[in-house]
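I wanted to look up a few helix details here and jot them down as I went.

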Amino acid sequence: MATLDFANLEQQSRGAYERTRLKRALRVLWVVVPVLLVSLCSCTTPHLSLGIGALLIAATVGFLWRGEALGRSVAPGLKAGIVAFSVPLAMHMLGYCCRYDIETITCVVAGVAAGAGVSFFASRVERDRSKLLLAGGVIAALTGSLGCVALGIGGSVGVVGGVMLVTVPFAAFSLARA
């Protein structure tokens, strides 16, 4: 009669569980990679787009793999970040930024809008609100930065500043209320 090796069985089960979580987390690449490709095609500094894109891929996959509040922050962060990504690119393509020299202002406003989107989502969540705000803000800022990098490093700093301008105070308020 064969004896069951429960320790080995538990180790195999844990490995299968973690591989499945990682495979599910990698699905986010269907959203992130096209955003990165658009940034690469519209940017004059592809190494900066690749760097920010690598950080975004690591953050989204890592947060989804980890789960809990971090995992829940990815979808609202990406949704808000895509707005911050799209607005500066559209303004640049239409020629408004170049004509009126409003690159950084456009990115700051887009960042504030993205931060407000993440904050709105987090305000509807009952628990781990501050973690969701901060992690969602990171995802939104990185995603938005991919759009603003086409306008220069000032634009990327602007979108990050705009997102943090909204999400950090909301996260501090959430922690103070808890």
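**Helix notes**

I started with Glu68, which counts as exposed because its relative accessibility is 53%, and the cut-off for exposed is over 50%. This is a predicted model, so I am reading everything below as computed. Glu68 is found in helix 4. I also checked its backbone: phi of Glu68 is near 55°, a positive value in a residue other than glycine.

Next I went to the packing of helix 4 (residues 68-93) against helix 7 (residues 129-148). Their axes come within 6 Å and cross at roughly 30°. Angles under 35 degrees count as roughly parallel, and helix 4 and helix 7 are therefore roughly parallel to each other. I noted the crossing of helix 4 and helix 7 as right-handed. Sorting that contact by class, I got 16 nonpolar, 7 polar and 2 charged residues.

Staying on helix 7, I picked out Ser130, which sits in that helix. Is Ser130 buried or exposed? Ser130 is buried, because its relative accessible area is 14% and buried means under 20%. Leaving out residues up to four places away in sequence, I found that Ser130 touches Ala171, Ser174 and Leu175.

Last stop was helix 6 (residues 103-123), for a length check. At 1.5 Å a residue, its 21 residues should span 30 Å, and the end C-alpha atoms are 30 Å apart, so the two agree. I then listed who is buried in helix 6: Glu103, Thr106, Cys107, Ala110, Gly111, Ala114, Gly115, Val118, Ser119 and Ala122.

Methods. Residues numbered from 1 in each chain as written. Predicted model: local features only at pLDDT ≥ 70, side-chain atom pairs only at ≥ 80, totals over all residues. Heavy atoms only, no water. Axes fitted to C-alpha atoms, helices over the stretch in contact; angles between N-to-C directions. Helix = DSSP H or I, 4+ residues; strand = E, 2+ residues; numbered from the N terminus. Parallel < 35°, antiparallel > 145°, perpendicular 65-115°, else oblique. Left-handed = near helix turned anticlockwise from the far one by under 90°. Nonpolar A, V, L, I, M, F, W, Y, C, P; charged D, E, K, R; others polar. Buried < 20%, exposed > 50% of the residue type's maximum accessible area, 1.4 Å probe, protein only. Expected span 1.5 Å × (residues − 1). Contact = heavy atoms within 4.5 Å.
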